[in-house]
Amino acid sequence: MAHFIVLLGPPGAGKGTQAKAICEALQIPHVSSGDIFREHLSKQTELGKLADGYIKCGQLVPDDVTIRMIGDRLKQPDCSRGALLDGFPRTIPQAEALDDLLAKMDAKIERALSLEVPAEVLIERLSGRWSCPTCGRVYHEKYNPPRQAGICDDDGTPLIQRPDDRPETVRQRIEVYRSQTEPLIEYYCQKGVLVNIDGTQSIEAVKQDILTSLAGVR
Ligand code: AP5
Ligand code: MG
């Protein structure tokens, strides 16, 4: 059976950090809308250039563009086992479109994990975040440092900071999350698939809570 899991949470809540453990546990691919947009931008595709205009000011990329991109990704053969959706859906129309896409695959969302973290913690997390542009692995200079400063443990690539992690853009992203994405918590609660996770704990404790919440899924 295919397992489709949604990872919800404000910018900096730890979605990308926790993705690997979930994907390994369920043997499903990690589908991150933000990572796909950034990959397009690094290749300078039309989609990448369009998305960048929104990302750099902390706004959402329009629904039609985003839904089409994720729809194409879910049609890839590796998603026949399911997928971990990180950062998608982010609006009610995206959530409804996802339900329609999955219904056509004879599947549905099994769990929506909501990582809860207050705003002041998010700003500190994002200002200390470094990521690997090659493999996407995420570090924090204080909470999750690489073995050698500025270098990815896995592939030796020099780490980078995301341009949208400046405090003023982060504040805008948090505002957009509150107004456009938070209503999805109620949407998935109504469907009986929501699990709230305390995202302020250590990375390891959050991981354990998530894996416990997925026990029935495996
Ligand atoms: P996206 O890339 O999805 O960014 P985001 O949702 O803002 O989330 P982040 O990736 O910033 O945070 P995260 O939760 O993954 O945290 P992380 O694990 O890295 O989207 C970027 C942009 O693309 C959007 O603003 C929008 O413009 C566009 N976009 C994307 N999807 C879209 C959609 N569906 N529709 C429209 N537009 C879309 O952790 C953060 C830091 O904290 C790291 O340094 C980490 O090491 C540290 N950390 C993590 N957990 C802990 C912990 N427990 N304790 C201490 N530190 C921790
Ligand atoms: Mg992320």
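User: In this predicted model, is Gln201 buried, exposed or partly exposed?
Analyst: Buried means under 20% relative accessible area, exposed means over 50%, and partly exposed lies in between. Gln201 is found in the loop between strand E7 (194-198) and helix H9 (203-213). Its relative accessible area is 27%, so Gln201 is partly exposed.

User: Which residues does Gln201 contact, leaving aside its neighbours within four places in sequence?
Analyst: The side chain of Gln201 has a polar atom 2.8 Å from the backbone oxygen of Asp198. A polar contact of 2.9 Å also joins the side chains of Gln201 and Asp209. With neighbours within four places in sequence left aside, the residues in contact with Gln201 are Arg125, Val206 and Asp209.

User: How many Å apart in space are Gln201 and Val117, C-alpha to C-alpha?
Analyst: In sequence, 84 residues separate Gln201 and Val117. In space, their C-alpha to C-alpha distance is 9.2 Å.

User: Which residues of helix H2 are buried, and why do they line one face of the helix?
Analyst: An α-helix has 3.6 residues a turn, so residues three or four places apart point the same way. H2 covers residues 33-42, and its buried residues are Ser33, Gly34, Ile36 and Phe37. Viewed down the axis of H2, the buried residues fall within an arc of 165°, so they line one face of the helix.

User: Against which elements do the buried residues of H2 pack?
Analyst: Two of the partners are strands, E2 (30-32) and E3 (82-86). The helices that the buried residues of H2 pack against are H3 (46-55) and H4 (63-74).

User: Which element gives the largest share of the shell around ligand 1?
Analyst: Around ligand 1 there are 36 residues, of which Thr17, Gln59, Arg90, Arg129 and Arg173 come nearest. By class, this shell has 13 nonpolar, 15 polar and eight charged residues. The largest share, four residues, comes from H2.

User: What percentage of the area that ligand 1 exposes when taken alone does the protein bury?
Analyst: A backbone N or O atom of Gly16 is 2.9 Å from an oxygen atom of ligand 1, and one of Val61 is 3.0 Å from a nitrogen atom of the ligand. Arg125 has a polar side-chain atom 3.4 Å from a nitrogen atom of ligand 1. Taken alone, the ligand exposes 1,000 Å², and the share buried by the protein is 97%.

User: Which peptide bond is cis, with omega near 0°?
Analyst: Most peptide bonds are trans. Pro89 is found in the loop between E3 and helix H5 (92-104). The cis bond, with omega near 0°, runs from Phe88 to Pro89.

User: What is the phi of Gln27, and is the residue buried or exposed?
Analyst: Most residues other than glycine have a negative phi. Gln27 lies in the loop between H1 and E2, and its phi is positive, near 55°. With a relative accessible area of 52%, Gln27 is exposed.

User: What is the relative accessible area of Asp106?
Analyst: Asp106 sits in the loop between H5 and strand E4 (109-116). Although Asp106 is not a glycine, its phi is positive, about 60°. Asp106 is exposed, and its relative accessible area is 75%.

Key:
Residues numbered from 1 in each chain as written. Chains lettered and ligands numbered in written order. Predicted model: local features only at pLDDT ≥ 70, side-chain atom pairs only at ≥ 80, totals over all residues. Heavy atoms only, no water. Buried < 20%, exposed > 50% of the residue type's maximum accessible area, 1.4 Å probe, protein only. Arc of directions from axis to C-beta. Contact = heavy atoms within 4.5 Å. Near = heavy atom within 4 Å. Polar contact = N/O pair within 3.5 Å; in protein donor to acceptor, adjacent residues only side chain to side chain. Areas by Shrake-Rupley, 256 points an atom, 1.4 Å probe, with all protein chains shown as cover. Nonpolar A, V, L, I, M, F, W, Y, C, P; charged D, E, K, R; others polar.
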